[in-house]
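Trainee: I have the model open and would like to go through its architecture. Could we take the elements one by one?

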Amino acid sequence: MKEDPSDLHPDTIAVSAGRPETAPGAPGNQPPVLSSIFHRGPGYEYGRAGNPTWDAFETALGVLEGGRAVAFSSGMAASAAVLGLMGPNIRILAAEDAYYGNRSYLKRLAEQGTIEVTFVDISDTGATLAAADGVDLMWLESPSNPSLRIADIEALAAAGHERGATVLVDSTFATPVLQQPLSLGADLVLHSVSKYISGHSDIVMGAVIAPDELGAERLREQREMTGGIPGPMETFLALRGLRTLPVRIERAQQNAMELAHRLADHPRVEKVLYPGLESHPGYEVARKQMTGPGAMVSFLVAGDGAAAEAVCDRVRLIVHLTSLGGVETTIERRARYAGEKGTPENLLRMSVGLEKLDDLWSDLNRALNE
Ligand SMILES: *Cc1c(COP(=O)(O)O)cnc(C)c1O
């Protein structure tokens, strides 16, 4: 691997980190290495333990986050690896509106009696700290899903450390382009690579970033033992997506900011939840710890759940389905899932993509007015 100076701008790192050694005739991109067997020597032996495609992706993501990245087969496999490593009999304090899959998994483990979990509103620093005594792991997510709550990562990490807790931040909505939790004091960063990082809604993958090689090595061991490994082809696509992450985020965020403002003025919209609006309770903290508010916009449609669902049925350009972080704008009503009990019935979560703003607005505006 080439030297990856982390003092470069993230836009440059995304393009240049994790490229193969320059040698005459060598490929300029890391190709997907589709082999489960490797001749013995330094580096690789068997496909569950290592693959050059992982290394290229992990180098690039690690430099972007300011740590060491370890890739997994999904965001949930990444979560499972962290929880497996932390061991049973731990106490976890988790964001009450953390990603649905993680919340369900924590609840399942608690039911089985292997962990204790308390859910809190992590945008309320005081309430979070009041619940943090004796906690081994703080599971933060910021911005959170789907209310886009903002946790004060620096304050919570410092207070968590005073109490001897490990502090994890699920930074999927922010990506390393907008937020680097390790620099704010977090111990671990979690990503669903399926979303913005790969960016084209065509793969499922995850990653955990540790601050140092020791932490990464433990995660790699866990991955090797439990087998949550990404395929080389997926990893290749994830790296290809990561190369354009900064420009995709820039464009999507511009669209999101403008749509958030227009929605806020729309008579059929009750409320907009977007950390880039001054009306958002996390606005100040987001400005402090993020370089931008991102491209996820949630809003409450005036009326009930059916009124909101009707908007989803009426959009034609915007795609009505779950998931986020792709080039296409997607929308969905989170409360239609049984697990989303705390979510307002009329809340729509929109992942703003790269289409031309005016086309997005005419679709959304028509769907709201019809
Ligand atoms: C999708 C998602 C996950 C889970 O990741 P998968 O890749 O789907 O396993 C975790 N956290 C957040 C915030 C997500 O959006």
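Mentor: Helix H8 (residues 213-226) lies across E1, E6 and E7 and runs at about 10 degrees to E1. Please note that this is a predicted model, in which local features need pLDDT of at least 70, side-chain atom pairs count only at pLDDT 80 or more, and totals for chains, interfaces and linings use all residues. Residues are numbered from 1 along each chain as its sequence is written, and side-chain values use heavy atoms, with hydrogens and water left out.

Trainee: How are the helices, strands and angles defined?

Mentor: Helices (H or I, at least four residues) and strands (E, at least two) are DSSP runs numbered from the N terminus. Axes are lines fitted to C-alpha atoms, for helices over the stretch in contact, and angles run from 0 to 180 degrees between N-to-C directions. Contact means heavy atoms within 4.5 Å.

Trainee: Which strands does helix H2 lie across, and at what angle to E1 does it run?

Mentor: Helix H2 (residues 52-65) lies across E1, E6 and E7, running at about 130 degrees to E1.

Trainee: What is the strand order in the open sheet of seven strands?

Mentor: The order is E1-E7-E6-E5-E4-E2-E3, with mixed pairing. Strand E1 (68-72) and strand E3 (115-120) are the edge strands, each pairing on one side only. On average, neighbouring strands of this sheet are turned by 20 degrees against each other, direction ignored. Two strands are said to pair if DSSP finds at least two bridges between them.

Trainee: In what sense do E6 and E7 pair?

Mentor: Strand E6 (residues 188-192) and strand E7 (residues 206-210) pair in the antiparallel sense, over four bridges. Valine 189 stands opposite isoleucine 209 in E7.

Trainee: Where does serine 74 lie?

Mentor: Serine 74 is in the loop between E1 and helix H3 (75-86). At 17% relative accessibility, serine 74 counts as buried, a term that means under 20% relative accessible area, with exposed over 50% and partly exposed in between (1.4 Å probe, protein chains only).

Trainee: What is serine 74 in contact with, leaving aside its neighbours within four places in sequence?

Mentor: On that basis serine 74 is in contact with Val204, Met205 and Gly206. Serine 74 and threonine 244 are 170 residues apart in sequence, and their C-alpha atoms are 20 Å apart in space.

Trainee: Changing topic, which residues of helix H6 are buried?

Mentor: In helix H6 (residues 153-162), the buried residues are Ile153, Leu156, Ala157, Ala159 and Gly160. Their cover includes helix H5 (125-130), strand E4 (137-141), strand E5 (166-170) and helix H11 (283-289). Just after H6, glycine 164 takes a positive phi of about 80 degrees.

Trainee: And the open sheet of five strands: what is its order?

Mentor: That sheet has the order E8-E9-E12-E11-E10, with mixed pairing. Strand E8 (269-273) and strand E10 (319-320) stand at the edges with a single partner strand each, so one side of each is left without a neighbour in the sheet.

Trainee: How many bridges join E8 to E9?

Mentor: Four bridges join E8 to strand E9 (residues 296-301), and the two run antiparallel. The bridge partner of valine 272 in E9 is phenylalanine 299. Phenylalanine 299 in turn has leucine 348 as its bridge partner in E12, and five bridges join E9 to E12, again antiparallel.

Trainee: How many residues of E12 are buried?

Mentor: Five of the five residues of strand E12 (residues 347-351) are buried. Leu347, Arg349 and Ser351 are on one side, and Leu348 and Met350 are on the other. Strand E11 (residues 330-333) pairs with E12 in the antiparallel sense over four bridges, and isoleucine 331 stands opposite methionine 350.
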